[in-house]
Amino acid sequence: MTIQWFPGHMLETQNLLKKAISKVDAVLEILDARLPDASANPFVNKICKGKFRLKVLNKDDLADPEQTKLWLDYFEAKEKTPAISICGTHKFQAYEALNYCVNRIDRNRARKIKVMVLGIPNTGKSTILNSLAGKKIAKIGNVPAITRHQQRTSLKNNIDIYDTPGILWPVIEPEQKAYILAASGAISDTAIDYNSIAFFAANLLIKRYPELLMQRYPFLETLPKNELILIEKIGSARGCLKKGGIINLQKSSETLIRELRAGKIGKISFETPKDLEYDNNTKKN
Ligand code: GTP
């Protein structure tokens, strides 16, 4: 599944961001802590050259803490990019990210410091902005691309912060990345096939988080042998049935994805630095 998902407004936004970035002092690149590589837009790498950039692994309350720690080490050691993990709904943690950035900028006190918040849809940019402002100034939603226009907000301490619309890139490859993004909710649900996303998620859960799976769904009794069995058992237990008592796979898939995204199954990371290193080595050979 190669997702070609690039609505017209994203191209327009990409061009606007290119211009706007030259005017800011630093960038907070908001990533999803559950998928810190898949949620990194390659376009951000290109336009951030020469700017101070902090990778902010947001939603760390939903991610596997062990993997988040490994990701932070990975970015510092391998990519030489500073990184921090936060839960953006907490004001204190949002400020930790902003202050990290501001303290490293060569600061001329006579003028305002301008910080841009960048990231793909649904990573929590507006949430972080609202936490920083201490009030609701940006629209929040659990569907991608809620924020459509760049907005500037003046904070205390002479800091201006720029919220930007979430942008993806034209062709998402490899397939694995597209699945990870879709499972997290970064890609609109209308652009994906729910069943295949649920199969991807079920495989991840069976292989990497069997204990969490068994805790969340005690009716399983034993670890399902494959993805279909897991999805069918969830459907059966949750009453996702068609006429005649046949399991409705679409509804069962939706249930699994909804619970995964909401963190109900537990703290889960969709990818690990080991996966990334493995992929990079495979590409080289
Ligand atoms: P776009 O406007 O599409 O670019 O989205 P955005 O990046 O501005 O994301 P937004 O702030 O709208 O957040 C998306 C969803 O994630 C919302 O349902 C938020 O409540 C949720 N969210 C944001 N930050 C966190 C976090 O740290 N933890 C958890 N659990 N949820 C979060």
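1. **Model and confidence.** This is a predicted model. Mean pLDDT for the protein is 88, and 89% of its residues reach 70 or more. Confidence is not even along the chain. Strand β1 (residues 3-4) has the lowest, with a mean of 51. Strand β4 (residues 83-85) has the highest, at 98. Read β1 with that value in mind.

2. **Overall make-up.** The protein has 11 helices and eight strands. Of its 285 residues, 52% are buried. Contacts reach across the sequence: among those between residues at least 6 apart, 70% join residues at least 24 apart.

3. **Strand β2.** How many residues of strand β2 (residues 26-32) are buried? Seven of the seven are, so the strand is largely enclosed by the rest of the structure. The cut-off here is under 20% relative accessible area. Both faces are covered. Ala26, Leu28, Ile30 and Asp32 are buried on one side. Val27, Glu29 and Leu31 are buried on the other. Note that Asp32 and Glu29 are in these lists.

4. **Pairing of β2 with β3.** Strand β3 (residues 52-58) runs alongside β2 in a parallel pairing, with seven bridges. For a pair to check in the viewer, take leucine 28: its bridge partner in β3 is leucine 54.

5. **Helix α5.** This helix (residues 125-133) has eight of its nine residues buried, so it too is largely enclosed by the rest of the structure. The buried ones are Lys125, Ser126, Thr127, Ile128, Leu129, Asn130, Ser131 and Leu132. What covers them? The cover includes strands β2 and β3, helix α4 (91-102), and strands β5 (113-118), β6 and β7. Just after the helix comes glycine 134, with a positive phi of about 75 degrees.

6. **The β6-β7 hairpin.** Strands β6 (residues 151-155) and β7 (residues 159-163) pair in the antiparallel sense, over five bridges. Leucine 155 faces isoleucine 159 across the pair. Three residues lie between the strands. One point to inspect there is asparagine 157, which takes a positive phi near 60 degrees.

7. **Serine 184.** This residue is in helix α6 (residues 175-184). Is serine 184 buried or exposed? Its relative accessibility is 5%, so it counts as buried, the cut-off being under 20%. Setting aside neighbours within four places in sequence, serine 184 contacts Asp32, Arg34, Leu35, Asn122, Arg261 and Phe270. Asp32 is one of the buried residues of β2.

8. **Second largest pocket.** Its volume is about 450 Å³. There are 21 lining residues, and the closest to the centre are Gln176, Ile180, Glu271, Asp275 and Asp279. Which elements give two or more residues to the lining? They are α6, α7 (194-208) and α11 (273-284). Helix α11 gives the most, with six residues.

9. Sorted by class, the second largest pocket is lined by nine charged, eight nonpolar and four polar residues. Helix α6 takes part in this lining, and serine 184 belongs to that helix.

Terms used: Residues numbered from 1 in each chain as written. Predicted model: local features only at pLDDT ≥ 70, side-chain atom pairs only at ≥ 80, totals over all residues. Heavy atoms only, no water. Pairing = 2+ DSSP bridges. Helix = DSSP H or I, 4+ residues; strand = E, 2+ residues; numbered from the N terminus. Buried < 20%, exposed > 50% of the residue type's maximum accessible area, 1.4 Å probe, protein only. Contact = heavy atoms within 4.5 Å. 1 Å grid on protein atoms, 1.4 Å probe; cavity = no way out; pocket = protein on both sides within 12 Å on 5 of 7 lines; lining within 4 Å. Points joined across faces, edges and corners; volume = space filled by probe spheres on them. Nonpolar A, V, L, I, M, F, W, Y, C, P; charged D, E, K, R; others polar. pLDDT = per-residue confidence, 0-100.
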